[in-house]
Amino acid sequence: MTELKLAPDVVQEDSPTIVIGQEEEELSMKHFGALLTGRSPLCIRRDDMTGVPVAAGVATARFTFRRRHLFWSVLLGPSMVTQPRALAFLDRGGRMLLEHPLKKSPGIHATYEDKTDKLCGVWRRVPREYKRLLREGSLYVALIWGDERNNSMDSALSGRISRYPALSTEMFTSLLEPENAPVSIGNGACDDYRVPGQEEGWWGGTAVVTGAAGAAPSLHLAIVFNGVFKPGSRDQAIRVLLTLPEKNQTIIDEIQKMNKPSYEFNVIEVSTPVSAAELRSLARGRLLLSVESLSSPERRVAGAVRQRAACELFHAPLVAERLPAAPVPEGLALLYIDKDGSLVYDIQIDNLGLADPKITLVEEQGKRHSQVEILDTRMGVLARPSARIFPPLYEDQLAVHIGSDTGPPLLRGRLLSRSLPDAAGSGPALLRRTDARLPPSATPVAGLAWISVDALCGINYEVFVNGYNGAWSSWLEGHAIGSTGPRALSGSEGSILEPSPSELAALHAGAAYLNIRAADNGTEFMRTRLPQISVPPSCLPAVPYTADNELSAPRPPPPDNSLSNTASCFYAGRSYEDGAQWMATESCHMCGCVQGALRCDPVRCPPAPCAAPALLPPGQCCPICTNSTTAVWNESHGCHLAGQYHAPGSSWHPYLVPGGYDTCAVCTCDFATRQVKCPRVKCPPLRCAEKDAYRPDKKSCCRVCPEVKAKKVEEETPKDQGAPRTAEEILAEGGCKFPDGPLPNGKEVHPSIHSHGEQRCVTCRCKDGEVTCVRKRCNRAACARRRRGDACCACARHRRQRAPRPPS
């Protein structure tokens, strides 16, 4: 992955303590826009000072400055089929301040970009000097095309970052391209495009569209454009046309005068009342906007109106409305709008107690609640959402209600907008209640956490907790070799500028945890395992880290249209995330969730060589060793390993998902020191050659030597001596039922088929009551040479394997 490049003469402010000063407050939550066309005054130059050719096409960008970070999103025009390799920020002199590579990494970021046709990113910790350029309107943005292997600059498209009208209330966006593309544009340096009236690049525009529903629906359009009039023109009449082409219907047809049109930047605003049906057509992307000069209609620019350009998600931790007697329900909601205007949603619920809950989107204005939409499933796509959704959604007044068909909701949460995290980021992780150590509270709590890693290897976090009245703190914990212990996070939002290699490795392996503790007594009351993050390779240590007793292989990609891996499992009324492990103490089973499939194995207790009589306290499945007759057993102080709690004095085999128990290792939680040790089984020396030793099965801890074949029974015993064993005796000793008669344990035979005789190419073997039959096959080399000397040789065909059926 290409590293982010920063101008060498500007110091990146990497103070470990983030302090929001007056400049940050002045810019905080400010919105900016940019129109990228061939009419930008900026000329981008290479290192040898040669000008970079201007790319053909039009693009628009949106920016939001939040705290110290500048979040950005880019829409490319339909005529631009090649993706740029990088996005750069420059000053008005063309000096490159920062270059951000646009190479995609697997995860939530790439999924969102694919489903929305947007380019998204964030400039973390913008230096003070560059914030001044942003405030003064002297900061430019550019898209760069070229070979990412050598960072070449073949062409570029730039525009000035400015404050646009109505950006803070934008609901829809339009990108306007020339209906008649310019034919005079060449491949010369950018200097060739800077003389008005001579050869020039593409022109275009962008529109900020705001729609208001209710009793009197209306539209407001703020249009930024250039190039629709001929160079040197004055006193131009500009026509704005908004139509519904499929019905040949005109919604806006307005002409405005423009006294002094600008070569680069022009703004006009239009407002009009609309009908509810027209508002629905707007929400579904059916409207077409065009802008033209009455004197030069051939230079008209036009484009469809689509969802707003900002890269954003909407999330909500779901809080129980009342405390039931059963375990408190909890969950989170996550949704976004895709490129077709459809609503993509993902609802995660635990402990609800309803097999088919009713999920509704509700507009909440004070005490007035109005149902807007009903969602049929917990995860899916709403193809034609109501236009009533968007105003409350963008104004933070849309909530998710979950419950039965009658009565108040059992879970609810208000959806809030947040900018898309860094490319190396994960979806939100649901903070789950740790019931055994939850302090008594009359109010249910819920929470979620966002974690990402930026190009400078900093860890960025946001933690949301609802319903907890007291002060709390969050802690990052990495279960990886070399871990230095939990790290306290400063505040609910911030950055770790210099994380340890083990912390980055734990995030990369999906072995990191976040827990929430009460500030007054340090009691942990919420915890989550963070989803796996594709950390940039340059940030990872040279020696790969692996999670303690866990498989560190990357998880499978999330399902289509999903922003997080939601292949959860349900057990005993609770939902468990993919990769989770838990102990079902009531039935003494160890369970795991593997890509949505539930697996439970009976607890296998290792031998407990206790110095004193063993204990079996309530809630424990295996004996506990205290090694003292006077020791008092206390469950509250035990050991933690790979996110699992183990009682003091307990012993266990590590449980690996999806392999099950590793009986070749025995872990113990020392009763006195609370230290975990996991020694492996020591194998006895072999009494045969290494090449002859083998493992009886896949889970065997040690290799064994082959048994010396005994002589056949008929050779040892004359036919007239000794009584034959009965079928019951053979089966009792591990034998198998077989059509030709019972087979002794370990016996191999060739089966016989009626009318075909003995099948010499098939060998059946009896092993511990089960018969396995195998047909002889050739190796690939023999199949390639088409050998026919062996009548039993059969070459396997390669067939597409079907996915296994889900468990019923």
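Author: The model is predicted. It holds ten aromatic pairs. Start with Y112 and Y336. Their rings form a tilted pair, 5.4 Å centre to centre, with 55° between the planes. Y112 lies in helix α2, residues 108-116, and Y336 lies in strand β19, residues 330-337, so the pair ties together parts that are 224 residues apart in sequence. Is Y112 buried or exposed? Y112 has a relative accessible area of 1%, so it counts as buried. Y336 also comes out at 1% relative accessibility, and it is buried too.

Next come two phenylalanines. The ring centres of F172 and F390 are 5.7 Å apart and the planes stand at 65°, so this pair is edge-to-face. The cut-off matters here: planes over 60 degrees apart count as edge-to-face, while those under 30 count as stacked and the rest as tilted. F172 belongs to strand β10, residues 172-178, and F390 to helix α5, residues 390-394, so the pair ties together parts that are 218 residues apart in sequence. Both F172 and F390 are buried.

There is also a cluster. Ring pairs link F63, F89, W123 and Y130.

Rings also meet charges. R299 lies over the face of W203, and the distance to the ring centre is 3.9 Å. R517 does likewise with W475: its charged end sits over the ring, 4.2 Å from the centre.

Now the salt bridges. How many does a search of the whole structure find? It finds 25 salt bridges. One of them joins R124 and D422, with the closest N and O atoms 2.6 Å apart. R124 lies in the loop between β7 and α3, and D422 lies in the loop between β26 (416-419) and β27 (424-425), so the pair ties together parts that are 298 residues apart in sequence. R124 and D422 are both buried.

A second bridge joins D253 and R239, at 2.9 Å from N to O. D253 sits in strand β14, residues 249-258, and R239 in strand β13, residues 236-244; the two are 14 residues apart, and the pair links distant parts of the chain. Why does D253 count as partly exposed? Its relative accessibility is 44%, and partly exposed covers the range between under 20% for buried and over 50% for exposed. R239 is partly exposed as well, with a relative accessible area of 26%.

R765 is in strand β51, residues 762-767, and E748 is in strand β48, residues 748-749. They are 17 residues apart, and this pair too links distant parts of the chain. R765 has 36% relative accessibility and so counts as partly exposed. E748 is partly exposed, with a relative accessible area of 49%. Some bridges share partners. Such salt bridges join R66, R418, E462 and E493 into one network.

Two backbone angles deserve a check. R125 has a phi near 50°, a positive value in a residue other than glycine. R125 is found in the loop between β7 (119-123) and α3 (128-136). At 2% relative accessibility, R125 counts as buried. C588 is the other case. Its phi is near 55°, again positive and again in a residue other than glycine. C588 is found in the loop between β38 (581-584) and β39 (589-594). With a relative accessible area of 26%, C588 is partly exposed.

Last, the chain as a whole. Its secondary structure comes to nine helices and 52 strands. The chain has 808 residues, and buried residues make up 47% of them. Among contacts with a separation of 6 or more, 62% come from residues 24 or more positions apart. The chain exposes about 40,400 Å², and carbon and sulfur atoms supply 50% of that area.

Back to your request. The R124 and D422 bridge instead runs from loop to loop.

Notes
Residues numbered from 1 in each chain as written. Predicted model: local features only at pLDDT ≥ 70, side-chain atom pairs only at ≥ 80, totals over all residues. Heavy atoms only, no water. Helix = DSSP H or I, 4+ residues; strand = E, 2+ residues; numbered from the N terminus. Buried < 20%, exposed > 50% of the residue type's maximum accessible area, 1.4 Å probe, protein only. Contact = heavy atoms within 4.5 Å. Areas by Shrake-Rupley, 256 points an atom, 1.4 Å probe, with all protein chains shown as cover. Salt bridge = Lys/Arg side-chain N within 4 Å of Asp/Glu carboxyl O. Phe/Tyr/Trp six-rings, centres within 6.5 Å; stacked < 30°, edge-to-face > 60°. Lys NZ or Arg CZ within 6 Å of the ring centre and 35° of its normal.
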